[in-house]
Amino acid sequence: MPPTQQSVSDLAYELWLRRGREHGGDQRDWLAATADLRFFGQYELIAHAPLDQPAPGRTGRRCRFCERSAGRTTFQTPPPIWPGGHDGGLRSGEICDECQAECREPLVGPFDAFWSTLGAIERARPAPLTLAILKAVAASLVLITPEDELEFLGDTIEWVGNPDQDDDASLFTDAWCRVYLGDPPRRQPWAALARRRDDDAGGPYLVGWLGRDDLVIESPIPLCVRDQDRDTLALSPERSFVLGSFAATGRARSTLLSPAVLERA
Ligand SMILES: [Zn+2]
């Protein structure tokens, strides 16, 4: 159901208050309120990790990727949840040394290189979105997924837990990733995950974000069993990251990317 005029008006007013009652951004507040209400009408936030704090309750000693527990594999220092070198301190104890070294570390270089091109996204296309990038993001999102959702991610976990990069590209033809360049309030790295409220609604079952500085990457978790009866992995509604007060920078925009590897296939 689309948001009502009244609910948009109430939220736009709240956004204006949060901006310190600064005049001149009425239209931006209205657009941001409409986007937020549309998104959260369809999705609910189920995990949110400000990566400047230690992860609560992440002390389990069973690997989410290979399902082995301590004794059959080793767990040294918990690895960062973020794929790149900017972990901000949030770490997961639920990935073993071997999976981290073989499945995630080879993706750090490609992810960092990709991320570094995003800051100029308002002027130039970013580096191609490859399956390695999608995998790096998905692996991070699997690490923040609440325990009771993991049963829907069997194929995803098999994919991210497989160090072989020779993936079947045909499984990812409808994958997508959205990049927001704006001015979010958080400077520290953060990660979050939302779940579709209703199976009859459009959009992927799980959608997550990795954000740092003024950039946010948004991606569905691919290969989720709750999306398998759909023809394509539809888009989720855009969030308000580049609207509202964020638009004040004048650079704010969002860009939708599809995996480049498929264009070559
Ligand atoms: Zn493992």
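Helices (H or I, at least four residues) and strands (E, at least two) are DSSP runs, numbered from the N terminus. This is a predicted model, in which local features need pLDDT of at least 70 and side-chain atom pairs count only at pLDDT 80 or more, while totals for chains, interfaces and linings use all residues. Residues are numbered from 1 along each chain as its sequence is written, and side-chain values use heavy atoms, with hydrogens and water left out.

**Figure 1. Overview of the chain.** Six helices and six strands make up the secondary structure. Their order from the N terminus is α-α-β-α-α-α-β-β-β-β-β-α. Of the 265 residues in the chain, 49% are buried; buried means under 20% relative accessible area, exposed over 50%, and partly exposed in between (1.4 Å probe, protein chains only). Contacts (heavy atoms within 4.5 Å) between residues at least 6 apart in sequence join residues at least 24 apart in 73% of cases.

**Figure 2. Residues with positive phi in two loops.** Asp213 lies in the loop between E4 and E5. Although Asp213 is not a glycine, its phi is positive, at about 55 degrees. Its relative accessible area is 33%, so Asp213 is partly exposed. Leu223, in the loop between E5 and E6, is likewise not a glycine and has a positive phi of about 65 degrees.

Figure 3. For four tetrahedral donors the ideal angle at a metal is 109.5 degrees. Cys63 and Cys96 link distant parts of the chain, 33 residues apart, and each is in the loop between E1 and H3. Both Cys63 and Cys96 are buried.

Figure 4. Side chains of opposite charge can pair when their charged atoms come close. A salt bridge is a side-chain nitrogen of Lys or Arg within 4 Å of a carboxyl oxygen of Asp or Glu, and the structure holds 10 of them. In one, the side chains of Arg64 and Glu147 meet at 3.9 Å, N to O. The pair links parts 83 residues apart: Arg64 is in the loop between strand E1 (43-50) and helix H3 (97-118), and Glu147 in the loop between helix H4 (131-144) and helix H5 (154-160). Arg64 counts as buried because its relative accessibility is 6%, whereas Glu147, at 56%, counts as exposed.

Figure 5. The closest N and O atoms of Glu218 and Arg178 are 2.7 Å apart in a salt bridge. Because Glu218 lies in strand E5 (residues 215-220) and Arg178 in strand E2 (residues 177-181), this pair ties together parts that are 40 residues apart in sequence. Glu218 and Arg178 are both buried. Arg226 forms a salt bridge with Asp199, with 3.0 Å between the closest N and O atoms. Arg226 counts as partly exposed at 26% relative accessibility, and Asp199 counts as partly exposed at 38%. A network of salt bridges links Arg196, Asp199, Arg226 and Asp227.

**Figure 6. Asp36, a buried residue without a salt bridge.** Asp36 is found in helix H2 (residues 26-42). Asp36 is buried yet has no salt bridge, and the nearest side chain of opposite charge, Arg239, is 5.0 Å away. Lys and Arg count as positive and Asp and Glu as negative; His and the chain ends are not counted. Leaving aside residues up to four places away in sequence, Asp36 touches Leu11 and Ser240.

**Figure 7. The nonpolar cores.** A nonpolar core is a set of buried Ala, Val, Leu, Ile, Met, Phe, Trp, Tyr and Cys residues joined through side-chain atoms within 4.5 Å. In the largest nonpolar core, of 52 residues, Phe65, Phe111, Leu118, Leu153 and Ile217 touch the most other members. At least two residues of this core come from each of E1, H3, H4, H5, E2, E3, E4 and E5, and H4 gives the most, with 12 residues. A second, separate core of 11 residues includes Tyr180, Val207, Trp209 and Val216.
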